Amino acid sequence: MEGRTINTSMAILCRPAEGNGSFRVSHQEFPDRSARRAPILPRLEAATLAAGLHIVATPIGNLGDVTLRALATLAGADVILAEDTRVTKRLTERYAIATPLEAYHEHNAERLRPALLARLRQGARMALVSDAGTPLVSDPGFKLVEAALAEGILVSGAPGPSSVLAALALAGLPTDRFFFEGFLPHKQAARRARLGALAQVPGTLVLFESPRRLAGMLSDAALLLGERRAAVARELTKLFEEVRRGSLPELAGAYAQEEAPKGEVVVVIGPPDAGAAPAEAAEGLEERLEAALADHSLKEAVARVAADTGLPRREVYARALALKRRE
């Protein structure tokens with residue numbers, strides 16, 4: 001792939017390093033000091049890639065967030081496997097990358113995977129991208145990576161943008177321990193059950209959500225997780241980026257009164273409070289359950305009390321059933 005360039009009419013020249021698939025950066029001299037204040041932008045040559053599968057992170061909105069290594073890798077590959085070739089084409093056209101695009105998504109993955117593995121065994125250099133962000137986060141790339149590794153095929157990565165980490169950084173919530181859930185179930189009963197299980201996670205929660213289901217999800221989260229701090233990040237890195245912060249009840253109330261927002265949404269929910277020790281929480285368990293059952297169904301009452309006390313949901317459910325039998 002030597003000689004293939006990424007023509008962006010910019011000021012840094014990157015050349016492939018011999019034999020290791022990386023590239024060097026050399027700064028061109030500017031004619032005078034005032035010119036040094038002009039934007040410094042890259043003009044790259046394709047990387048010399050080893051045969052194998054190269055996992056490439058792409059921008060989550062702003063095309064300027066792509067890394068130099070990602071561009072060089074995409075230009076140096078024999079083919080780019082993309083969830084939606086129309087989406088990835090906007091990136092490759094922006095940076096004049098001529099590498100062919102092929103669709104690889106959840107609807108054709110099972111059918112295409114054997115042929116892709118055969119090409120990799122024959123020495124192909126493939127780049128795998130998602131529509132936005134880091135591949136294998138809520139996309140079908142995992143099974144291809146798993147199969148390639150099982151056959152001893154090289155799997156390499158060019159890290160970069162991630163909506164999970166971007167939202168976590170902007171939320172203003174603890175980042176030392178977090179759990180990525182992805183999308184919750186669409187139906188309310190299943191969603192509430194999953195939120196009840198997540199109530200015990202001792203860290204910040206990061207979730208994806210559809211704009212049209214956002215208000216309902218926040219309402220369920222407020223019901224089951226209580227007054228936790230949270231943030232709703234929308235259209236990250238784009239022109240209309242927005243991050244709204246508050247308690248779950250506050251955010252649920254606000255979005256319930258508005259039309260569904262537009263764009264991609266990431267919800268970040270703070271960790272549970274340390275609260276009472278389990279032994280102390282268990283002492284007042286029946287009283288808590290009686291109060292919750294007066295206003296909620298059995299399932300909702302159990303989820304709320306388990307979230308408030310930190311007790312195992314199974315134990316709370318058993319005590320709630322015992323109370324019901326006494327009635």
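User: As what does K238 count in terms of relative accessibility?

Analyst: K238 has 32% relative accessibility and counts as partly exposed. E235, at 15%, counts as buried. Please bear in mind that this is a predicted model, in which local features need pLDDT of at least 70 and side-chain atom pairs count only at pLDDT 80 or more, whereas totals for chains, interfaces and linings use all residues. Residues are numbered from 1 along each chain as its sequence is written, and side-chain values use heavy atoms, with hydrogens and water left out.

User: How many salt bridges does a search of the whole structure find?

Analyst: The criterion is a distance: a side-chain nitrogen of Lys or Arg must lie within 4 Å of a carboxyl oxygen of Asp or Glu. The search of the whole structure returns 15 salt bridges. One of them joins D78 and R125, whose closest N and O atoms are 3.3 Å apart. This pair links distant parts of the chain, 47 residues apart: D78 is in the loop between α1 (68-76) and β6 (79-82), and R125 is in strand β8 (residues 125-128). The element names follow DSSP runs numbered from the N terminus, with helices (H or I) of at least four residues and strands (E) of at least two. D78 is partly exposed, at a relative accessible area of 29%.

User: Which residue forms a salt bridge with R192?

Analyst: The partner is D220, and the closest N and O atoms of the two residues are 2.8 Å apart. The pair spans 28 residues and links distant parts of the chain, from helix α6 (residues 188-198), which holds R192, to helix α7 (residues 214-225), which holds D220. Both R192 and D220 are buried. E235 and K238, with which we began, also meet through their side chains in a salt bridge, at 3.4 Å from N to O. Salt bridges with shared partners join R191, R192, D220 and E300 into one network.

User: How many aromatic pairs does a search of the whole structure find?

Analyst: Rings of Phe, Tyr and Trp (its six-membered ring) pair if their centres lie within 6.5 Å; planes under 30 degrees apart count as stacked, over 60 as edge-to-face, and the rest as tilted. The search finds 2 aromatic pairs. F180 and F208 form an edge-to-face pair, 5.0 Å centre to centre with 65 degrees between the planes. Distant parts of the chain are linked here: F180 is in strand β10 (residues 178-183) and F208 in strand β11 (residues 204-209), 28 residues apart. F180 is partly exposed at 28%, whereas F208 is buried at 11%. F183 and F208 also pair edge-to-face, at 5.6 Å and 65 degrees. F183, in strand β10, is 25 residues from F208 in strand β11.

User: Over which ring does the charged end of R94 sit?

Analyst: A charge sits over a ring if NZ of Lys or CZ of Arg is within 6 Å of the ring centre and within 35 degrees of the ring normal. The charged end of R94 sits over the ring of Y95, 4.7 Å from its centre. R244 lies over the face of Y255, at 4.5 Å from the ring centre.

User: Which residues are the closest to the centre of the largest pocket?

Analyst: Rolling a probe the size of a water molecule over the atoms shows where empty space is left. On a 1 Å grid over the protein atoms alone, a pocket is an open set of points where a 1.4 Å probe fits, with protein on both sides within 12 Å along at least five of seven lines; lining residues have an atom within 4 Å of a point. The largest pocket holds about 1000 Å³ of space. Among its 35 lining residues, I60, D131, A132, G133 and E264 are the closest to its centre. The largest share of the lining, 4 residues, comes from α2.

Terms used
Buried < 20%, exposed > 50% of the residue type's maximum accessible area, 1.4 Å probe, protein only. Points joined across faces, edges and corners; volume = space filled by probe spheres on them.
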